[in-house]
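Open the model in your viewer and keep the sequence panel beside it. This tour moves from one selection to the next and says what is there.

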Amino acid sequence: MATLINRIALLFLFVAVGFTSTVHAKEVAAKSIKVHKPVVYATLPGTTTAPVYMELKNVGSENVTVTRVNSTVSVKAEIHGHIHSGGMMKMNYQPKLEIRKGSSVVMEPGGYHIMLIGLNKKLVAGEQVELSFTFSDGSSLTVFAPITDMKKAMQLKQNGMKMDMHSGH
Ligand SMILES: [Cu+2]
């Protein structure tokens with residue numbers, strides 16, 4: 001019943017939008033992107049690079065492209081992917097990252113990540129790293145990634161998996 005009412009409401013909304021605006025307003029890319037579970041692990045003294053993980057979900061109606069990432073704790077922040085070549089897994093720099101409408105890019109160990117290069121400070125658990133994403137339309141999004149102790153993060157992940165199994169769906 002609720003879904004039927006939602007559908008009818010949605011239908012009215014489309015009709016109303018159709019009447020009120022003939023020109024489709026351009027969406028702001030940054031507003032289409034929702035960031036889930038950003039995380040960066042604490043570093044040891046002298047470490048100069050650190051990967052940042054998160055999920056970037058595009059909830060908008062257009063594809064969105066990330067063209068630049070900056071961080072306040074490093075000289076550079078690059079988007080990296082992974083390629084397999086000659087039995088070795090290598091990281092490769094991605095000058096752009098497209099997040100297609102309705103889908104997500106998951107950044108996780110062994111896959112996409114944002115590599116902080118030239119860290120200007122030690123990353124201490126409990127603090128956070130400020131990142132800024134720039135999109136092809138010039139809009140930008142600020143993301144705060146909590147700095148987490150790697151061992152604790154792994155434990156949390158395992159506990160989360162156990163809970164998922166108990167939920168039954
Ligand atoms: Cu990397």
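**Start with a strand pair**

Select β2 and β7: the two strands pair in the antiparallel sense over four bridges. Strands here are DSSP runs (E, at least two residues), helices are DSSP runs too (H or I, at least four), and both are numbered from the N terminus. Two strands count as paired if DSSP finds at least two bridges between them. The model is a predicted one: local features need pLDDT of at least 70, side-chain atom pairs count only at pLDDT 80 or more, and totals for chains, interfaces and linings use all residues. Residues are numbered from 1 along each chain as its sequence is written.

Now pick E55. Its bridge partner in β7 is V106. Stay on β7, residues 104-107. V105 and M107 form its covered face, while S104 and V106 form the uncovered one. In a regular strand the side chains alternate between the two faces of the sheet.

**N58, in β2**

Go to N58, which lies in strand β2 (residues 49-58). Is N58 buried or exposed? N58 counts as buried because it has 20 C-beta neighbours inside 10 Å. The cut-offs: 20 or more other C-beta atoms within 10 Å is buried, 12 or fewer is exposed, anything in between is partly exposed, with C-beta atoms placed from the backbone.

Show its contacts (C-beta atoms, placed from the backbone, within 7 Å). Leaving out residues up to four places away in sequence, N58 touches S32, I33, V64, I99, R100, K101, G102 and S103.

**Along β1**

Select β1, residues 33-41. V35 is in this strand. V35 is partly exposed because 16 other C-beta atoms lie within 10 Å. Beyond neighbours within four places in sequence, V35 is in contact with M54, L56 and V143. Its C-alpha atom is separated by 4.8 Å from that of L56, 21 residues apart along the chain.

Step to K37, also in β1. K37 is exposed, since it has 12 other C-beta atoms within 10 Å. Check the backbone: phi at K37 is positive, about 45 degrees, although K37 is not a glycine. Most residues other than glycine have a negative phi.

β1 and β10 pair in the parallel sense over two bridges. Y41 stands opposite T148 in β10.

**The core**

Which residues have the most contacts inside the largest nonpolar core? Select V40, V52, V69, I114, V129 and L131; the core has 29 residues. A nonpolar core is a set of buried Ala, Val, Leu, Ile, Met, Phe, Trp, Tyr and Cys residues joined through C-beta atoms within 7 Å. Centre on V40. Leaving aside neighbours within four places in sequence, V40 is in contact with A50, V52, L123, V129, A145 and I147.

**The β9-β10 hairpin**

Seven bridges join β9 to β10, and the two strands run antiparallel. V129 stands opposite A145 in β10. Four residues lie between the strands of this hairpin, and G138 takes a positive phi near 90 degrees.

Move to S139, in the loop between β9 (128-135) and β10 (140-148). S139 counts as partly exposed because it has 16 C-beta neighbours inside 10 Å. Apart from residues up to four places away in sequence, S139 touches V28, A29 and A30. The C-alpha atoms of S139 and V66 are separated by 9.7 Å, at 73 residues apart along the chain.

**β3 and its two partners**

β3 pairs with β9 in the antiparallel sense over five bridges. Here V66 has F135 as its bridge partner in β9. T65 has E98 as its bridge partner in β6.

**Zoom out**

Show the protein chain whole: three helices and 10 strands. The pattern along the sequence is α-α-β-β-β-β-β-β-β-β-β-β-α. Buried residues make up 21% of the 169 residues. Among contacts with a separation of 6 or more, 69% join residues 24 or more positions apart.

Finally, colour by pLDDT (the predictor's confidence in each residue, from 0 to 100). The chain averages 85, and 76% of the residues score at least 70. Over residues 163-169 the pLDDT is below 50, and this stretch has zero contacts in the model beyond near neighbours in sequence. Where pLDDT is low, the predicted coordinates should not be read in detail.

How values were computed. Two residues are in contact if their C-beta atoms, placed from the backbone, lie within 7 Å.
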